[in-house]
Amino acid sequence: MTDTTPRTALTLLGLGDMGTALARTWLAAGHRLTVWNRTAAKTGPLAGLGAAVAATPAEAVAANRLVVVCLLDDAAVGSALDGIDLTGKDLVNLTTGTPAEGRARAAWAKERGARFVDAGIMATPSMIGAPEAGGYVFYSGSRELFDTHRAALEVPAGARFTGEDPGHAALHDVALLSAMYGLFAGVSHAYALIEGEDISPKDLAPLLSEWLGAMGFFVGNVAERLSSRDFTTGVESNLAMQVTATGTLLRTAAEQGVSAELISPYLELMARRLAADPAAHGVEDTSGAITLLRRA
């Protein structure tokens, strides 16, 4: 059978670990790729795989309509593209940033005659080009740009469009990463509790995985309650009971000689929600505490 998948000519600025993984995947799929990197030595192996190497960012941008940027931070993007003619270009920013930086960079690109999408990569370099690994990229901004180049963008990892607000890709990225680090904090605290005991971390690991999997319902439950603002219907473990019970967690940490710094902020948030109105909030579940996090 003949492979009829369309090939796209594109430019990639930035060859760190992620950029190099992206470049290798596009080249392996037969796409015509022009690369630039501030440290020119990193372009050598890719040139051997068929990439065209540009001496300057301006030369790289001029080579193709689709320009993908994967640099250290937003300041590096501005520095690399400063003074370059972007008229008619389709600029895809894979550089990790904030929602505000994505929106500002979109306005900056529009002023220079370019279409723009921002992105948030939900993958490590080893997950790029490996569909079975489950990695994907959030995109937001110009829907026309995304639709035009979707086939090429999906080569390294799955592509998920989050809307035309250029800040929403970064917002989705940071929301998921924030949840991840919260999970990591709880797991780290659990392992710290058994340090020095006759309990193997390898024995605790499957129990942790099983328990955290069983608690996965919490994600959808909170979404429903925040949408409806109903924090009381169908509650099985109310806030008053949970705040009382968390004292056991803190006492156990103290007994084991373990700092509670990784879990105490959430416990304190629940206690503050309860203290504000024990009668009203005591019958809620814990999701109402989320409302305390937003600053006025």
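This section describes helix packing, a surface patch, salt bridges and local backbone features in a predicted model.

Two helix pairs were examined. Two packed helices are described by the angle between their axes and the distance between the axes. Helices α7 and α8 pack at about 145 degrees, and their axes are 11 Å apart. The crossing of α7 past α8 is right-handed. On the α7 side, the contact is made by Leu183, Val187, Ala190, Tyr191 and Ile194. These residues meet Pro201, Leu204, Ala205, Leu208 and Leu212 of α8. The second pair is α10 and α11. Their axes come within 10 Å and cross at roughly 145 degrees. This crossing is left-handed. Leu239, Ala240, Val243, Thr246 and Leu250 represent α10 in the contact. From α11 come Leu267, Met270, Ala271, Arg273 and Leu274.

A nonpolar patch lies on the surface, with about 930 Å² of accessible area in total. Its members are Tyr181, Leu183, Phe184, Trp211, Leu212, Met215, Phe217, Phe218 and Tyr266. Helices α7 (168-194), α8 (201-214) and α9 (217-228) each give two or more residues to the patch. The largest share, three residues, belongs to α7. Tyrosine 181 sits in that helix. Its relative accessibility is 54%, so tyrosine 181 counts as exposed, the threshold being over 50%. Leu183 and Leu212 belong to the patch and also take part in the contact of α7 with α8.

Helix α4 (residues 74-81) is mostly covered. Six of its eight residues are buried. They are Asp74, Ala76, Val77, Gly78, Ala80 and Leu81. The cover over these residues includes strands β1 (9-13), β2 (32-36), β4 (66-69) and β5 (90-93). Helices α3 (57-63) and α5 (99-111) also contribute to it. Just after α4, glycine 83 adopts a positive phi of about 80 degrees.

Most residues other than glycine have a negative phi. Arginine 229 is not a glycine, yet has a positive phi of about 60 degrees. Arginine 229 lies in the loop between α9 and α10 (239-255). With 52% relative accessibility, arginine 229 counts as exposed.

Serine 142 occupies the loop between β7 (136-141) and α6 (143-153). Its relative accessible area is 15%, so serine 142 is buried. Leaving aside residues up to four places away in sequence, serine 142 touches Arg115, Phe116, Val117 and Phe161. Proline 131 is 11 residues from serine 142 in sequence, and their C-alpha atoms are 25 Å apart.

Side chains of opposite charge can pair when their charged atoms come close. The whole structure holds nine salt bridges. One of them joins arginine 143 to aspartate 147, at 3.1 Å from N to O. Both residues lie in helix α6, four residues apart, about one turn of the helix. Arginine 143 is partly exposed at 29% relative accessible area. Aspartate 147 is partly exposed at 44%. Arginine 150 forms a salt bridge with glutamate 154, with the closest N and O atoms 2.9 Å apart. Arginine 150 is partly exposed at 31%, and glutamate 154 is partly exposed at 35%.

Arginine 273 pairs with glutamate 284, and their closest N and O atoms are 2.9 Å apart.

Conventions. Residues are numbered from 1 along each chain as its sequence is written. This is a predicted model: local features need pLDDT of at least 70, side-chain atom pairs count only at pLDDT 80 or more; totals for chains, interfaces and linings use all residues. Side-chain values use heavy atoms; hydrogens and water are left out. Patches are made of residues with over 30% relative accessible area and no salt bridge: like charges are joined within 9 Å, nonpolar side chains (Val, Leu, Ile, Met, Phe, Trp, Tyr) within 5 Å. Accessible areas come from the Shrake-Rupley method with a 1.4 Å probe; for residues, only the protein chains shown count as cover. A salt bridge is a side-chain nitrogen of Lys or Arg within 4 Å of a carboxyl oxygen of Asp or Glu. Buried means under 20% relative accessible area, exposed over 50%, partly exposed in between (1.4 Å probe, protein chains only). Axes are lines fitted to C-alpha atoms, for helices over the stretch in contact, and angles run from 0 to 180 degrees between N-to-C directions. A crossing is left-handed if the near helix is turned anticlockwise from the far one by less than a right angle, and right-handed if clockwise. Contact means heavy atoms within 4.5 Å.
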